[in-house]
Amino acid sequence: MNTYDLVVIGTGPSGGRIAKKAAKKGWKVAVVDENEYGGTCPNKGCDPKKVMTGIAEVYDYAKRLRGSGLQGEVFLDWSDLKAFTNTFTDPVSKMTEQSFQESGVDTFHGTAVFQDPHTIVVNDDVLSANEFVVATGAKPSPLPIEGGEHVTTSDQFFELENIPERVLFVGGGYISFEFAHLCARLGKKVTLLHRSRHVLNGFDHEMTNKLIEMTKDLGVDIHVDTEVKSIEKRDNGSYRLNVKKFDHEHHFHADLVVHGAGRAPNVDKLGLEKAEVETSKDGIIVNHNFQSSQAHIYAVGDVADTGQPPLTPVAGEEARRLLNHLLENKEEEAIDLPVPSVVFTYPKLGKVGLTQQEASEKKIPYEVQSKNITSFYSYKKTNESGAYVKVLTNPVTDELIGAHFLTGAADHLVNLFTVAIHKKMTKQELSALLFAYPSEESDIPSFF
């Protein structure tokens, strides 16, 4: 049996940070992962996705500006795009494991299964520890439909050797919209089916409706209030999807069906019942110090039921706070920071703070400024087909409480407004700042 001060299950950004910091403090530490070292984000998530969508953005720019100083045809090629993306992802696992070993952390490959609250088994190895951190992230949610085994997950999408002619996405989340935009720009016939009325849960409905229209303009066929009932594989290798929409049955056909219907905490194989760790549908139940029902077993990131959105920056902040508790015995408070989020379509959709529907549901007073800014110089000079901004403010104090963007610069604007909301700035204070001109940020005074 191997005995440790700390065993971290999961080697993503949060788990890796915790393991190396603890080892630096002199703790005897081990990490375990059943997948590639480094976690989903750098291997098969946000990092490779951003490489691909970033190149698709450049392609879109070139197409829109052809004849405005740019000449010649530009094409997106999946094989080249995949090969370039692989230059970022291929080194990750080996470099991450090497980094652990150089930090004095023991590394294990395989599925960690609790035998009791202080012991796990990984293949033929038995590990015991004083403390455990579970940071196993999330995985695609199971699709409870007949033929669900035929879908391609987001992880598998990155490994495809080619993209067939007809691609259908099940679900209207980040994955579906981002990959749908990519596939449409690759010249594919793309369909997106979503079972509810509103796509992209957590984003402002007015802005997602605008994104839907702009995505349709790109050639993507979008159907909301459409529930997939079953998927059939045909003799020719294609698929038939049987769906229900407005109490009527319909059929769709595709050569590739991609799972974009959300992700779920990755807890199924951990044997948490033997460790007497309580879980919910949202993951391992933890307190403000990230302790589970077993005080020495912690959970952070997408696998933890913290009430926070499953985003990489949130996982990093949770790791920082857990380290304060583990290494310095500090009592932590619940995270109370504005969390920005971006959908990397083109244009991008960004949000931070309250949406209009959240403010209404919570009966929080607000004023809203919603504006089409397509005619602004920032977007006219690049021939953008649409650009929108929506800002919510406190009607008494004028403090910023929510900001939403659908523009090519949404990722930059949302970060700036995250600072403004965190600092409780008013729209007058933000507008009074001096910004480099001409820039998308210099448009801000005209938003109000």
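1. Ser141 is in contact (heavy atoms within 4.5 Å) with His259, Ala261, Gly262, Arg263 and Ala264, once its neighbours within four places in sequence are left aside. The Ser141 side chain reaches the backbone nitrogen of Arg263 at 3.3 Å; a polar contact is a pair of N or O atoms within 3.5 Å, where within protein one must be able to donate a hydrogen and the other to accept it, and residues adjacent in sequence count only if both atoms are side-chain atoms. Ser141 is placed in the loop between strand E7 (138–140) and helix H6 (154–157). Ser141 counts as buried because its relative accessibility is 17%; buried means under 20% relative accessible area, exposed over 50%, and partly exposed in between, with a 1.4 Å probe and protein chains only.

2. On the basis of the model: this is a predicted model, in which local features need pLDDT of at least 70 and side-chain atom pairs count only at pLDDT 80 or more, while totals for chains, interfaces and linings use all residues. Residues are numbered from 1 along each chain as its sequence is written, and side-chain values use heavy atoms, with hydrogens and water left out. Helices (H or I, at least four residues) and strands (E, at least two) are DSSP runs numbered from the N terminus.

3. A search of the whole structure finds one cavity of 30 Å³ or more. On a 1 Å grid over the protein atoms alone, a cavity is a set of points where a 1.4 Å probe fits but cannot get out, a pocket is an open set with protein on both sides within 12 Å along at least five of seven lines, and lining residues have an atom within 4 Å of a point. Grid points are joined across faces, edges and corners, and a volume is the space filled by probe spheres set on the points. The largest cavity holds about 40 Å³ of space.

4. The lining of the largest cavity consists of Thr53, Ala56, Glu57, Glu178, His181, Leu182, Arg185, Phe344, Thr345 and Tyr346. Helix H3 (46–64) and helix H7 (174–185) each supply at least two residues of this lining, and H7 gives the most, with four residues. By class, four lining residues are nonpolar, three polar and three charged; Ala, Val, Leu, Ile, Met, Phe, Trp, Tyr, Cys and Pro count as nonpolar, Asp, Glu, Lys and Arg as charged, and the others, Gly among them, as polar.

5. The second largest pocket has a volume of about 220 Å³. Of its 13 lining residues, Arg185, Met214, Tyr346, Pro347 and Ser385 lie nearest its centre. H3, H7 and helix H8 (205–217) each supply at least two residues of the lining. The classes here are five nonpolar, three polar and five charged.

6. The bond from Tyr346 to Pro347 is cis, with omega near 5 degrees, and Pro347 is placed in the loop between E20 and E21. The bond from Tyr437 to Pro438 is also cis, with omega near -5 degrees; Pro438 is in the segment after H13. Most residues other than glycine have a negative phi, and most peptide bonds are trans.

7. Positive phi values occur in loops as well. Asp247, in the loop between strand E12 (239–245) and strand E13 (248–254), has phi near 65 degrees. Asp247 is exposed, with a relative accessible area of 68%. Lys363, in the loop between helix H10 (356–361) and strand E22 (367–372), has a positive phi of about 55 degrees. Lys363 counts as exposed at 73% relative accessibility.

8. Helix H9 (residues 312–328) has 17 residues and reaches 24 Å from its first C-alpha to its last, close to the 24 Å expected at 1.5 Å a residue. The expected span is 1.5 Å times one less than the number of residues. Buried residues of H9 include Val314, Ala315, Leu322, Leu323 and Leu326, and also Glu317, Glu318 and Arg321. The buried residues of H9 pack against helix H1 (13–24), strand E6 (125–134) and strand E18 (297–299). Just after H9, Asn329 takes a positive phi of about 60 degrees.

9. The 13 residues of helix H12 (residues 410–422) should span 18 Å at 1.5 Å a residue, and the end C-alpha atoms are 18 Å apart, which agrees. Among the buried residues of H12 are Leu413, Val414, Phe417 and Ile421. Their cover includes strand E21 (348–353), strand E24 (400–407) and helix H13 (427–431). Just after H12, Lys424 takes a positive phi of about 55 degrees.
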